Amino acid sequence: AQSVTQLDSQVPVFEEAPVELRCNYSSSVSVYLFWYVQYPNQGLQLLLKYLSGSTLVKGINGFEAEFNKSQTSFHLRKPSVHISDTAEYFCAVSGQGAQKLVFGQGTRLTINP
Amino acid sequence: DTEVTQTPKHLVMGMTNKKSLKCEQHMGHRAMYWYKQKAKKPPELMFVYSYEKLSINESVPSRFSPECPNSSLLNLHLHALQPEDSALYLCASSQEGGGQNSPLHFGNGTRLTVT
């Protein structure tokens, strides 16, 4: 079985500052890892995914994440945030043979001008 | 624009009403999902259809009844709901069911209020 922990429920940052949203997972099998973003009054949108291969994954809107197997982490980063990045961010994990995706509790990213 | 379309966007219903939520995708995906999301929480899986067959029911009360008429459509029939069922109901699809290495594509949801 898989599980995922998002270490911060809220992250406030100033506009144009860098940000890191933390995600740790546990799994007994090979993992597939995802970050989704949810803007107000919308569904979830895929930011990026790690299935295999290069551990540095680039996604949409300037986000990237690094898969670290030894630390069982998949932290999301952006070097310079914009007001429009204000949203809820969900880390999710699945694995070989898994029937469903497991979501973290979410991190609320708030960008202050 | 989302490629998964959900209707209606908002729904208010009484506890004795019967209503249906609809979801449509034209990406050729073979798996479709219903999720329930309460405020400030992650989505909770309710049902999964894979190749038009129900493959997962997460012990959802029988007042929620899913239906998959064809590979592009997914319905959720609602009857005798409780106020605690008020939530955002999200539909999603993915290329394949099971294995879960296919990303989910979500609709924008139906905001349901039960009075």
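Visitor: Which residues are linked with A:Glu20 in a network of salt bridges?
Guide: A:Glu66 and A:Arg77 are linked with A:Glu20 in that network. A salt bridge here is a side-chain nitrogen of Lys or Arg within 4 Å of a carboxyl oxygen of Asp or Glu. Ground rules: this is a predicted model, where local features need pLDDT of at least 70, side-chain atom pairs count only at pLDDT 80 or more, and totals for chains, interfaces and linings use all residues. Residues are numbered from 1 along each chain as its sequence is written, chains are lettered from A and ligands numbered from 1 in the order in which they are written, and side-chain values use heavy atoms, with hydrogens and water left out.

Visitor: How many salt bridges over all chains?
Guide: The count comes to 8. One of them pairs A:Lys100 with B:Glu58, at 2.6 Å from N to O. A:Lys100 sits in the loop between strands S10 and S11 of chain A, and B:Glu58 in the loop between S6 and S7 of chain B, so the pair joins two chains. Strands (E, at least two residues) and helices (H or I, at least four) are DSSP runs, numbered from the N terminus.

Visitor: Switching to rings. How many aromatic pairs over all chains?
Guide: The search finds 11. Take A:Phe103 and B:Tyr35: their centres are 6.0 Å apart and their planes at 85 degrees, so the pair is edge-to-face. Rings of Phe, Tyr and Trp (its six-membered ring) pair if centres lie within 6.5 Å; planes under 30 degrees apart count as stacked, over 60 as edge-to-face, the rest as tilted.

Visitor: Where do A:Phe103 and B:Tyr35 lie?
Guide: A:Phe103 is in strand S11 of chain A and B:Tyr35 in strand S4 of chain B, so this pair also joins two chains. A:Phe103 is buried at 9%. B:Tyr35 is buried at 2%.

Terms used: Buried means under 20% relative accessible area, exposed over 50%, partly exposed in between (1.4 Å probe, protein chains only).
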